[in-house]
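Morning, everyone. Please have the sequence and the model open while I talk. I'll take salt bridges, then a sheet.

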Amino acid sequence: MEPFKNNISPDLVRCIGGHVAQHHAGFDRLGFEADILEELDSLELKQRATLIARHLDHHLPRELSARFAILQAMLHPMTEVAFDRGSDEKGIRGWGMMPLGMVVAASGLEDFEASFVLLKEMTKRATAEFDVRPFLARDQEQALAIMAPWVKDESVHVRRLVSEGTRPRLPWGMRLQALVADPTPTLPLLEALKDDPEDYVRRSVANHLNDIAKDHPELVADIAKRWLKGADRNREKLVRHACRSLIKQGHTATLEAFGLNPPEIRVEGPQVLTTEVAYGDALGFNIELVSTSSKTQDLVIDYLIHFKKANGTLAPKVFKWTKLTLAPGERLTLSRSHAIRPITTRVYYGGTQAISLRINGKDFGFSEFELVMPTAMN
């Protein structure tokens, strides 16, 4: 598989150099490309983009209107394209927008209007979600005032930028501490986008709300309750994705928004079927549920595996399992297996681990098992 960093490649450097040369008299294309290519191979993706941006900043005119005119002229004429559509002789798009957007963010903070005009065009050719953030950090009110009308823009990429660019905790992006503390300034924007015709936009709204939920869970639970009233399938999907972390945590108000009440059940288990699990094999377990309610119940059942950490303590990880309806007095047996195999986001340690259940936010049971690691990994 091609390394991710190679999305910003020597060919892209030469393509950017060629387009700068077309629009900037006296540009030292050979020196620009040579200086970048000397370092490029040793760097990861974001470092590569930063390197190109730094050299662009050095070679472009200092005067902002001249600088922005060159960047504007370099843009590919085709918009509404994905990242995998590469830059070519017609212009820059896709991953090429990453260093160009960095230049705008670094040099345009004294002219919001001109910068946002350019970023709006750039986002149509990939995304400017990282590049609007320095402007939001500098003057949130001014930046949001410029972006607010974009919720009705004909471009799906521009509408998505309104939500994605203002996320308080955007991965890879600078954290917007003011919106972490008080997310209410972006709520009218999310309200306007919640029924957007494009899933690409609605998913961004969901991820934005999931960011907010990390610091303001009750606020997101209230929004979920309100948005679910009369919701169509698309909005319900949005709200469920927005509340995924809160649902996993068993947040009571969020569960109630989805009509999930505290369970009235008796739980037997989880019963571990494989008390000793070899690394690479699967943990098998089953549970038995008995309704103690006189009413039908909707249940969301998750399980938690309490993995052993390097210091010997256990840390739970929640896994989605199933949703079901349990009739009054009904008894139900469920079985599951969970593969314990290599993944990039977890280091396993041998020894005693455990499994428990979370049903409609309430925890049940705690059964131990032994994880046996290969000798070379112990």
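Which residue forms a salt bridge with Glu33? Arg29 does. Their closest N and O atoms are 2.6 Å apart. One caution before I go on: this is a predicted model.

Where do these two sit? Both are in helix α2, residues 29–40. They are 4 residues apart, about one turn of the helix. Now the surroundings. Glu33 is buried, at 10% relative accessible area. Arg29 is partly exposed, at 35%.

Next pair. Lys120 and Asp153 meet through their side chains in a salt bridge, 3.1 Å from N to O. Lys120 belongs to helix α6, residues 112–123. Asp153 is in the loop between α8 (140–147) and α9 (156–164). So this pair ties together parts that are 33 residues apart in sequence. How accessible is each partner? Lys120 is partly exposed, with a relative accessible area of 22%. Asp153 has 15%, and under 20% counts as buried, so Asp153 is buried.

The side chains of Arg331 and Glu288 form a salt bridge, 2.4 Å from N to O. Arg331 lies in strand β6, residues 331–339. Glu288 lies in strand β3, residues 282–291. The pair therefore ties together parts that are 43 residues apart in sequence. Arg331 is partly exposed, with 47% relative accessible area. Glu288 is buried, with 18%.

Salt bridges can also share partners. Here, such bridges join Glu129, Arg160, Glu164, Arg167 and Asp211 into one network. And the total? Searching the whole structure gives 25 salt bridges.

On to the sheet. In what order do its strands run? The order is β2-β8-β7-β4-β5. That is an open sheet of 5 strands, with mixed pairing.

Let's zoom in on one pairing. As a reminder, strands of a sheet pair through backbone hydrogen bonds, either parallel or antiparallel. Strand β7 covers residues 351–359, and strand β8 covers 362–372. These two pair in the antiparallel sense, over 8 bridges.

Notes:
Residues are numbered from 1 along each chain as its sequence is written. This is a predicted model: local features need pLDDT of at least 70, side-chain atom pairs count only at pLDDT 80 or more; totals for chains, interfaces and linings use all residues. Side-chain values use heavy atoms; hydrogens and water are left out. Two strands pair if DSSP finds at least two bridges between them. A salt bridge is a side-chain nitrogen of Lys or Arg within 4 Å of a carboxyl oxygen of Asp or Glu. Buried means under 20% relative accessible area, exposed over 50%, partly exposed in between (1.4 Å probe, protein chains only).
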